[in-house]
Amino acid sequence: MLPTDFKWIPRGQYAPDELTLTVGGRYVAMLMTKVDGVTWIARLDCHQPITAPVVTRECVSRESGIAGIEAWAVRHEATLRAGLCVYQQEAEE
């Protein structure tokens, strides 16, 4: 279950099944399909600057992608709310 203020919205008008997870109006993660239209990809830490590494995970299905992103959001809730760099904290741990 998602923390308060986290919500799923459509990623774009031309990608009806794709989703974006937001908190406080900021995009923090996306669930997208590859060009093949079959394989799902989770992109995490979307709110980071352009110089930050792109963090992606392949998903078995749309449902598993949603579950994985929600688990990630719960784990990093405080960091995501503060708008901090998750990947830097993980490197330090």
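Analyst: What follows is a set of questions about the labels, each answered from values and cut-offs.

User: What am I looking at, and which elements does the chain hold?

Analyst: This is a predicted model. The chain has three helices and five strands. Their order along the sequence is β-β-β-β-β-α-α-α. Of its 93 residues, 40% count as buried.

User: What makes a set of residues the largest nonpolar core here?

Analyst: Members must be buried residues of the nonpolar kinds, joined through side-chain atoms within 4.5 Å. The largest such set has 18 residues. Phe 6, Leu 21, Ile 69 and Ala 73 have the most contacts inside it. Elements giving two or more residues are strands S2 (15-23), S3 (26-33), S4 (40-44) and S5 (55-59), plus helix H1 (62-75). H1 supplies the largest share, four residues.

User: Which residues does Ala 73 touch, leaving aside its neighbours within four places in sequence?

Analyst: Ala 73 is in contact with Leu 2, Phe 6, Leu 21 and Leu 80.

User: Why say that the buried residues of H1 line one face?

Analyst: The buried residues in H1 are Gly 65, Ile 66, Ile 69, Glu 70, Trp 72 and Ala 73. Seen down the axis of H1, the buried residues fall within an arc of 160 degrees, so they line one face of the helix. The face turned away from that buried side carries the exposed residues Glu 63 and Arg 75.

User: Why is the pair Glu 58 and Lys 34 called a salt bridge?

Analyst: The cut-off is 4 Å between a side-chain nitrogen of Lys or Arg and a carboxyl oxygen of Asp or Glu. For Glu 58 and Lys 34, the closest N and O atoms are 3.1 Å apart. That is within the cut-off, so the pair qualifies. Glu 58 lies in strand S5 and Lys 34 in the loop between S3 and S4, so the bridge ties together parts 24 residues apart in sequence.

User: Why is Glu 58 exposed, and what is Lys 34 called?

Analyst: Exposed means over 50% relative accessible area, and buried means under 20%. Glu 58 has 57%, so Glu 58 counts as exposed. Lys 34 has 34% and therefore counts as partly exposed.

User: How many salt bridges does the whole structure have, and which residues are linked in a network?

Analyst: A search finds four salt bridges. Asp 5, Glu 77 and Arg 81 are linked in a network. Arg 81 bridges to Asp 5, with closest N and O atoms 3.6 Å apart. That pair links distant parts of the chain: Arg 81 is in helix H2 (residues 77-82), Asp 5 is in the segment before strand S1 (6-12), and they are 76 residues apart. Arg 81 also bridges to Glu 77, the closest N and O atoms being 3.1 Å apart. Because Arg 81 and Glu 77 are four residues apart in H2, about one helical turn separates them.

Key: Residues are numbered from 1 along each chain as its sequence is written. This is a predicted model: local features need pLDDT of at least 70, side-chain atom pairs count only at pLDDT 80 or more; totals for chains, interfaces and linings use all residues. Side-chain values use heavy atoms; hydrogens and water are left out. Buried means under 20% relative accessible area, exposed over 50%, partly exposed in between (1.4 Å probe, protein chains only). Contact means heavy atoms within 4.5 Å. The arc is that of the directions from the helix axis to the C-beta atoms.
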